[in-house]
Amino acid sequence: MALRPPRNVLIPNANSPRLLARVMELIGQGVREPRSLAEILDCELRTVHYYSQAGEWLGLTTTDAVGGRLQLTELGLEYVFAGPDRPRVYAQAVWANDFVVQLMTGRDELPDAEALGRFIQQWVPDMAEATARRRASAVRSLLEPALRLGPRRPKAQQLSLDFGPDQVAKPPEEKLPPRLVGPESPDVYRLVLRALLDHGELSLGHLRAVLDKGGAEGVAVGGYAEMAVRRGDAFRVGDRLVGSWGAVWRRELAETVAGVALSDPRYREYLDNMRQAASGHPGAAVRYGQLRERFTSWDRRVFGETVTPSRLVKDLERVLLGRSIDDFPIAGETGPEPSGQTGSFLELQDQEGLFFALPTNLTALAGGVAEANRLLERARQAKNGVGLPRVTDRRELVHGGVYATGEPQGRSIPDQVTLRLRAVSNVPHLALITALLILHRRPGWRRVLRLRDGSLELWRGRKRVGELLLLLDELCSEQGWLVIRRPRAGVTGEQLAEILQGLGVARRVGDQLVLDEAFFVRLQTEVEDRQVYDLLQPLADRAQRFVEAWEEAV
């Protein structure tokens, strides 16, 4: 059999799997220059070259042809972060090597050094016999731990998928029947409130599209915008509704029509007058009579029937399961106003009063730059700005799209690199997760992000620190930032992981989410990426302080 070595790959002169592992770990931490590796390892530069060559021979590393910088391959990334599963990944790399496959064909054990030296000379005919003997000893030491495990077929890599627009997750359709639609309907307002909690801010064109999609085509937008402001669920900023702290404090109420109705200040006034009318209060009876026609339809939605003063107390006990109506939350309070400063989230991260959204339309980012540009084209074709909120829309004050707050909407996004940097800079949740992935590459950070049952969780060893979205809620609250999101119906941790994979920010290794190696290299070397990297560093420091304090507290 004619033996042909792979091009540009020489038999390595490294003999310590342990030192190879240490070199790989340092590359994983971002130490890519051979001289820097030699200084950290306190060894000669040629030793680093031996081990970087061994990593390349095993398919674990590659070398930048121009700068000579080292980086991990997909298999190398899996090896570095495989934890106790590292021996399996190492064996996988060894058994994927053509040299090893041909060497072990017809053999059950590694040949001795002399026989291995002869095989090496056949593999590389121009290698001197003495050199082949030295390499044989080194290669034998390098291969032995893996060969003890036996043959391992290469494991299928979990790659980031090219999610097209048809694969983007879509919320279920909700269309109201005509009998529930009117100028001041709790069902219609629930559509508005849920959209506000999903997207953080809504233009009048967005609001029109939300109502149309929900079956309220003939209803005037202005009345529901005013209702949101009156209830304290939103601030009016120009032609936009901006979700409030109050809306987030009361967000559980948006899950049911009864919750929306019973928290409404005017409906509560009506119920209070009805209750006092039953006690014989003359003024209350008059006021109740004035409001009854307006809220009879609300009664039927809350109680299932028309309510009378004499039955109100019992009906409330039935609906509230014995809870007093006086203890039920009432809308009205907005909380602090949002910061008026605009720009990218990463640039404004030192400011308090920032408002964030985690909109379901973020999933469109998994479709890449083609999908983003398709959305921009649709926005240009929309009549009078009417359309459902898109991840590419202009944002006024609430961070959560590919454009910074206050930034004009562009005509197109030129490439995937630009889309990725925009998403990481302007979408706070993507920035925060990226910061945690950078922390994961720092030495001494012993926590990992794991995907478990559709949830993204932070773990330290075998201990679960917490569900990531809840941890980020706490982190943001501590910084004075408001997170506007629907916890039961919004974007999940698993969807965020898919978005980051689609953007090329992260990669999945087993059940872990880790920083994509090619992106990590760009963050360290490319000018435009480096600017974002410099802004991510203080965010990573902020996240580290929060996590350490959280662990101490719990």
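Which helix holds aspartate 473? In this predicted model, aspartate 473 lies in helix H21, which spans residues 468-479. Its relative accessibility is 14%. Aspartate 473 therefore counts as buried, since the cut-off for that class is under 20%. Beyond its neighbours within four places in sequence, aspartate 473 is in contact with Arg251, Val483 and Arg485.

Glutamate 352 sits in a loop. That loop runs between helix H17 (345-348) and strand E6 (355-357). Glutamate 352 still has partners from elsewhere in the sequence: with neighbours within four places set aside, it is in contact with Ser339, Gln479, Gly480 and Trp481. Threonine 131 is 221 residues away from glutamate 352 in sequence. In space, the C-alpha atoms of glutamate 352 and threonine 131 are 65 Å apart.

A pair of helices was also examined. Helix H20 covers residues 428-441, and helix H22 covers residues 493-503. Their axes come within 11 Å and cross at roughly 80°. H20 is therefore roughly perpendicular to H22, because angles of 65 to 115 degrees fall in that class. On the H20 side, the contact involves Leu430, Ile433 and Thr434. These residues meet Leu496, Ile499, Leu500 and Leu503 of H22. By residue type, the contact of H20 with H22 comprises 6 nonpolar residues and 1 polar residue. No charged residue takes part in this contact.

Key
Residues numbered from 1 in each chain as written. Predicted model: local features only at pLDDT ≥ 70, side-chain atom pairs only at ≥ 80, totals over all residues. Heavy atoms only, no water. Helix = DSSP H or I, 4+ residues; strand = E, 2+ residues; numbered from the N terminus. Contact = heavy atoms within 4.5 Å. Buried < 20%, exposed > 50% of the residue type's maximum accessible area, 1.4 Å probe, protein only. Axes fitted to C-alpha atoms, helices over the stretch in contact; angles between N-to-C directions. Parallel < 35°, antiparallel > 145°, perpendicular 65-115°, else oblique. Nonpolar A, V, L, I, M, F, W, Y, C, P; charged D, E, K, R; others polar.
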